[in-house]
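Visitor: I would like a close look at a single part of this protein, please.

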Amino acid sequence: MNFDNLLEQVYLQDQLNEGFLKKYVLPAAAAVGLGGGIGHYNAKHEHKPEPSATVTAERKPVTAKPVPSDPKPVASKPAEDLYITNDLIKFIEDIEVRPSEKNAKEFSAYWDYDQYSIGYGTKATPDEVKNHKTINREEARARLITELNDHKKRVISALSNSKLKNLTTNQIRALISFDYNTGLGRKAILRSSSPHQLAQYISSIVFAGGKKLPGLQRRRAEELVQFTGWSSRKVKDKYF
């Protein structure tokens, strides 16, 4: 029996505990040159830990977040019309609305000198007149803007055929307001050879039914403030 077999037998029979083996048997083996046997023993009987009883939770696969597609472009706010500005719209709304409907949510048709109007001075339909139908503020403003664009085209067309050149943006806005109220913008433009002559003509349109109306005079004065760039006082002193 060689020394390796002896060690195997000792281990299997459990006749020697670990302390006895390390203290007596292994040193003796080293003394007689049996190191290989010791290495063989150590490698064969090396203590291996028991599998852990702890259950490791299964790791869920990580789902990659989808790469966002190119964002949809945000619709930009439409640019304000060069001539039909919010200020011009508000100016006409404040002048045209009837005092009794100033804070109203709905507008009804009314007789307006030579036609039935509704909202901010736009022409009422026969159905609105006959059946007393109303329109709300949004509809009234939409109709006003539509009509103002028609008057803008009339004014610009007249200017292209007139002697008046290089009118300012504010002057054209004033002419749009004047034409919307009177329908005389084209006539005023074509008969004038200078901005001053045109302003004089505008200031003269303050009569209705043969009577001079304070409301029309105030409106002409405000239009001329925009047309000339002067103060209200200077406009009144000059033209009224």
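Which element gives the most to the lining of the largest pocket, and with how many residues?

Guide: This is a predicted model, in which local features need pLDDT of at least 70 and side-chain atom pairs count only at pLDDT 80 or more, while totals for chains, interfaces and linings use all residues. Residues are numbered from 1 along each chain as its sequence is written, and side-chain values use heavy atoms, with hydrogens and water left out.

The answer is H10, which gives five residues to the lining of the largest pocket; helices (H or I, at least four residues) and strands (E, at least two) are DSSP runs, numbered from the N terminus. A pocket here is an open set of points on a 1 Å grid over the protein atoms alone, where a 1.4 Å probe fits, with protein on both sides within 12 Å along at least five of seven lines, and lining residues have an atom within 4 Å of a point. The space in the largest pocket is about 910 Å³, the volume being that filled by probe spheres set on the points, which are joined across faces, edges and corners. Of the 29 residues lining the largest pocket, Glu96, Asp112, Tyr113, Asn181 and Leu216 are the closest to its centre. Two or more lining residues come from each of helix H4 (86-96), E2, E4, helix H7 (169-182), strand E6 (207-208) and helix H10 (214-228).

Strands E2 (110-111) and E4 (122-123) are also the edge strands of an open, antiparallel sheet ordered E2-E3-E4, where strands pair if DSSP finds at least two bridges between them.
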